[in-house]
Amino acid sequence: MKALVLKNKNKWREMQIEEVITPDPGNGEVLVEVQAVGLNPVDYKTGTNGNPSWSYPHILGLDVAGTIAGVGEDVQGWKVGDPVVYHGDLRRSGGYSEFDVADADILSRIPSGVSFAEAAALPTAGYTAYQAVHRKLPLDRVNSLLIHAGAGGVGGFAVQLAKLAGKTVYTTASEHNHEYVRSLGADGVIDYRQEDVHTKIMEWTEGRGVDAVIDTVSRDNATASLDSIAYMGHIVYIAGAPDFTKVKPFTSVVSYHEVALAANHKAGREARKDLGMIGDAMLRFVADKKLSPMLKDTVAMEEVPAALERLSERHVNGKLVAVWK
């Protein structure tokens, strides 16, 4: 089969299409003929630093959509020809290839009306946002949220999911992205380069603060956000834990929540199956036109290195997806 091959650490810009051996599905696994693969910052980050589980050459690509081409032993509920999407295990070979092997537990069935490219735009960013909103937060006690980087993948999906849940949503974005994040459902947008985020949040909430913060930026940004959280509020962090010592005991009693999809793959079968259930929920939202997959552009597989370069410069809103053309 053909695959986009990473020869070694920090060589993702030099990846090229090569012929490699087609994998076989093992027990509990399926072979997927790849139609589309979502691009994510994790691709160039791990492509730079590597992973202890890898040997080289390696194939990147976590967000895979395609059709089942083979079924291993002890797989139930799936057959050849089924359209599926999944978030792959970072420790394994990925989907920048014509075929990929996946654990059957993590699969979601792509419904009619949702394209392979739209489905592939969802997993890493969308499932992370879903976990942040629906697995971590007590939504019956959360009415307002500050979601950082609303023009990004995780932030954009989180804005949409929080708004679908009926919440007041504030977000941060560069000025040129304000109209875009408002189209996703943001009630208030802060230009973090020109305005003080904490001051605006306190102004909008009449000094109370928000019930929850979802931080997708950094440890420092998560730490700074603690000041904007109301009493008994929550912070969900994705890009680094805040400095917990900033909030003194017996004050605002903030609750802290980590989200990391890689943990699902390590935590056992029920955790892997939850990825499939999250995918099912996200796909229903897309099929029902309640959620945008934020598909910005599709590129050919050989164009992935250049597209990842665009991502690394942080000037892309929405999602980029690679397809075999």
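**Rings, cores and spaces**

Y237, F244 and Y256 are linked into a cluster by ring pairs. Rings of Phe, Tyr and Trp (its six-membered ring) pair if their centres lie within 6.5 Å; planes under 30 degrees apart count as stacked, over 60 as edge-to-face and the rest as tilted. This is a predicted model, in which local features need pLDDT of at least 70 and side-chain atom pairs count only at pLDDT 80 or more, while totals for chains, interfaces and linings use all residues. Residues are numbered from 1 along each chain as its sequence is written, and side-chain values use heavy atoms, with hydrogens and water left out.

The structure holds 5 aromatic pairs. One of them joins W12 and Y44. The centres of these rings are 5.9 Å apart and the planes stand at 40°, a tilted pair. W12 sits in the loop between β1 (2-5) and β2 (16-19), and Y44 belongs to helix α1 (residues 41-49), so the pair ties together parts that are 32 residues apart in sequence. Helices (H or I, at least four residues) and strands (E, at least two) are DSSP runs, numbered from the N terminus. Both W12 and Y44 are buried. Here buried means under 20% relative accessible area, exposed over 50%, and partly exposed in between (1.4 Å probe, protein chains only).

Now back to the cluster. The ring centres of F244 and Y256 lie 4.6 Å apart with the planes at 80°, so this pair is edge-to-face. F244 is in the loop between β12 (229-237) and β13 (255-258), and Y256 is in strand β13. The two are 12 residues apart, and their pair links distant parts of the chain. F244 counts as partly exposed because its relative accessibility is 39%. Y256 is partly exposed too, with a relative accessible area of 27%.

Next, the interior. In soluble globular proteins, nonpolar side chains tend to be buried together. A nonpolar core is a set of buried Ala, Val, Leu, Ile, Met, Phe, Trp, Tyr and Cys residues joined through side-chain atoms within 4.5 Å. The largest such core has 85 residues. Those with the most contacts inside it are L39, Y96, L107, I214, M282 and V304. What does V304 touch, leaving aside its neighbours within four places in sequence? V304 is in contact with L4, M15, L39, Y96, V299 and A322. Contact means heavy atoms within 4.5 Å. A second, separate core has 13 residues, among them I201, A222, L226 and I235.

Helix α6 (residues 197-204) has four buried residues by name: V197, K200, I201 and M202. They pack against β8 (144-147), β9 (168-172), β10 (188-190) and β11 (210-215). Just after α6 comes E206, with a positive phi of about 55°. E206 is not a glycine. E206 lies in the loop between α6 and β11. Its relative accessible area is 78%, so E206 is exposed.

Two other backbone features deserve a look. A149 also has a positive phi, near 60°, in a residue other than glycine. A149 lies in the loop between β8 and α4 (153-164). With 26% relative accessibility, A149 counts as partly exposed. The peptide bond from Y56 to P57 is cis, with omega near 5°. P57 is in the loop between α1 and β4 (63-71).

On a 1 Å grid over the protein atoms alone, a cavity is a set of points where a 1.4 Å probe fits but cannot get out, and a pocket is an open set with protein on both sides within 12 Å along at least five of seven lines; lining residues have an atom within 4 Å of a point. There is 1 cavity of 30 Å³ or more. The largest cavity holds about 50 Å³ of space. It is lined by 13 residues, of which W54, L60, G61, L62 and L90 are the closest to its centre. Its lining has 6 nonpolar, 4 polar and 3 charged residues.

The second largest pocket has a volume of about 320 Å³. Its lining has 18 residues, with Q76, W78, A104, D105 and R269 the closest to the centre. β7 (108-109) and α9 (269-287) are the elements that give two or more residues to this lining. The largest share, 6 residues, comes from α9.

Conventions. Points joined across faces, edges and corners; volume = space filled by probe spheres on them. Nonpolar A, V, L, I, M, F, W, Y, C, P; charged D, E, K, R; others polar.
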